[in-house]
Amino acid sequence: MSTIAIIGAGPGLGAAVARRFGREDYGIALISRDQDRLDALAAELGEECEECEEGEQGVTARGFAADVRDPNALTAALDAAAAALGPIEVLQYSPVPHKDFMRPVLETTADDVVGPVEFSVYGPVTAVRNVLPGMRALGRGTVLFVNGGTAVVPHPDRAGTSIAFAAESAYGRLLHDTLAAEGIHVAQLIIPGAIIPGHDKKDPAILADTLWNLHQERNGFRHFADDLDS
């Protein structure tokens, strides 16, 4: 069984991606800070199955709690996920930034930048370095970064995420260029504004289809879910 690890898994985009990859028989490793919520989501996904025979399970999902700002905890969660579900072939890094990362630029101190950098730089670097040996052993892999519009156009009222997303984008692009020859694809999906249920481009299920297609088509680094002014 192939495995996708969704870092920042929750009831919106994370659950939609779990369902989309689960339909393709991927095992799903759900990673976020709250183990109880992860367990509830994994149980919900396991009960969802439109074509299962009686007694069969839906999506194979398990939760592994970790704070992305704690490298040791994130490493332990990814190790546990690989041990339980098999080598991680797809890594999605999509945790939602904290509101206190979004301060106006002239009110942002050096201390205010620490959290965003831990969240959007140290976290991705920790995660990628953990899963890369397994992808290399498989001879294939995909890393998907999901970011807001400030990764492309910095916003003066959201200095922390603007700075940290730019750094995450640079890291992702370097990985894309360096790992392509090894059969490991790295892509970034920019979602301007909020994820909106029912939206023709930013509904969670539609975004999950987009991420599945990025994994399958393996074409280019940066992609946009919608226009930047949306």
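Hi everyone, let's start with Asp-34, which counts as partly exposed because its relative accessibility is 32% (buried is under 20%, exposed over 50%, partly exposed in between, with a 1.4 Å probe and protein chains only). This is a predicted model, where local features need pLDDT of at least 70, side-chain atom pairs count only at pLDDT 80 or more, and totals for chains, interfaces and linings use all residues. Residues are numbered from 1 along each chain as its sequence is written, and side-chain values use heavy atoms, with hydrogens and water left out.

So what does Asp-34 form a salt bridge with? Its partner is Arg-37, with the closest N and O atoms 3.8 Å apart; a salt bridge here is a side-chain nitrogen of Lys or Arg within 4 Å of a carboxyl oxygen of Asp or Glu. Arg-37 counts as exposed because its relative accessibility is 64%.

The structure holds 11 salt bridges. Among them, Lys-201 pairs with Asp-226, the closest N and O atoms being 3.6 Å apart. That pair links distant parts of the chain, 25 residues apart. Here Asp-226 is buried, because its relative accessible area is 10%, while Lys-201 at 36% relative accessibility counts as partly exposed. Another bridge joins the side chains of Arg-103 and Asp-112, at 3.5 Å from N to O. There is also a network of salt bridges linking Arg-19, Glu-44 and Glu-48.

And how is the lining of the largest pocket made up by class? It has 23 nonpolar, 15 polar and 7 charged residues (Ala, Val, Leu, Ile, Met, Phe, Trp, Tyr, Cys and Pro count as nonpolar, Asp, Glu, Lys and Arg as charged, the others, Gly among them, as polar).

Terms used: Helices (H or I, at least four residues) and strands (E, at least two) are DSSP runs, numbered from the N terminus.
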